[in-house]
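Subject: Structure for your review

Dear colleague,

Please find below the structure that I am handing over to you.

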Amino acid sequence: MMVGFTFNVFMLCCTFVIATHGLLISKYAELEMTKACIGQGAMLFCDISGDPLPDYEWFKDGVKLEHGGRFNIRRHSSGSSRVIIVNLKDSDSGMYVCKASNSAGTETSSERLSFATDC
């Protein structure tokens, strides 16, 4: 964990299952709105798993996010992904989408990030 940063943790989560010839992709819940504080950090989880394990992509307002700088994107071997955004700025508010794809199909999970005024 980074020293000096406060992180808000949010889960992109619902249960949805697609099964085709033994292949699977599942989404487990979805939040629709997240409030965070400017200058702090936020961690967004994408709880979509599958067999085989899906590949994950993250988007903000339709633009693909790349790992690096203030965005730390990771895929977990358990079948999920997360993005940590450090030092939140006004420009970070918007719609975040996680797209998970495998040979069974594609699932997305989305969340709107906005800023609280009582920080």
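This is a predicted model: local features need pLDDT of at least 70, side-chain atom pairs count only at pLDDT 80 or more; totals for chains, interfaces and linings use all residues.

Residues are numbered from 1 along each chain as its sequence is written, and side-chain values use heavy atoms, with hydrogens and water left out.

Overall make-up

The protein has 0 helices and 12 strands. Helices (H or I, at least four residues) and strands (E, at least two) are DSSP runs, numbered from the N terminus. Of the 119 residues, 40% count as buried. Here buried means under 20% relative accessible area, exposed means over 50%, and partly exposed lies in between (1.4 Å probe, protein chains only).

Strands E5 and E10

Strand E10 (residues 80-85) runs antiparallel to E5, and 5 bridges join the two; strands count as paired if DSSP finds at least two bridges between them. Within this pairing, Cys46 has Ser81 of E10 as its bridge partner.

Arg82 is also found in strand E10. Arg82 is buried yet has no salt bridge, and the nearest side chain of opposite charge, Asp47, is 13 Å away. For charge, Lys and Arg count as positive and Asp and Glu as negative, while His and the chain ends are not counted. A salt bridge is a side-chain nitrogen of Lys or Arg within 4 Å of a carboxyl oxygen of Asp or Glu. A polar atom of the Arg82 side chain does lie 3.0 Å from the backbone oxygen of Asn72. Leaving aside neighbours within four places in sequence, Arg82 is in contact (heavy atoms within 4.5 Å) with residues including Phe45, Trp58, Asn72 and His76.

The nonpolar core

A nonpolar core is a set of buried Ala, Val, Leu, Ile, Met, Phe, Trp, Tyr and Cys residues joined through side-chain atoms within 4.5 Å. The largest such core has 18 residues, and those with the most contacts inside it are Trp58, Val83, Ile85, Leu88 and Tyr96. The elements that give two or more residues to this core are E5, E7 (55-60), E9 (71-76), E10, E11 (94-102) and E12 (105-115). Not counting residues up to four places away in sequence, Val83 touches Ala42, Met43, Leu44, Trp58, Phe71, Asn72 and Ile73.

Salt bridges

How many salt bridges does a search of the whole structure find? The search finds 5. In one of them, the side chains of Asp55 and Arg75 meet at 3.3 Å, N to O. Asp55 lies in strand E7 and Arg75 in strand E9, so the pair ties together parts that are 20 residues apart in sequence. Asp55 counts as exposed at 51% relative accessibility, whereas Arg75 is partly exposed, with a relative accessible area of 43%.

Arg70 forms a salt bridge with Asp92, the closest N and O atoms being 2.9 Å apart. This pair links distant parts of the chain, with Arg70 in the loop between E8 (63-64) and E9 and Asp92 in the loop between E10 and E11, 22 residues apart. Asp92 counts as buried, at 2% relative accessibility.

Lys64 and Glu57 also meet in a salt bridge (3.3 Å, N to O), and Glu57, Lys64 and Lys99 are linked in a network of salt bridges.

Yours sincerely

Terms used
A polar contact is a pair of N or O atoms within 3.5 Å; within protein, one must be able to donate a hydrogen and the other to accept it, and residues adjacent in sequence count only if both atoms are side-chain atoms.
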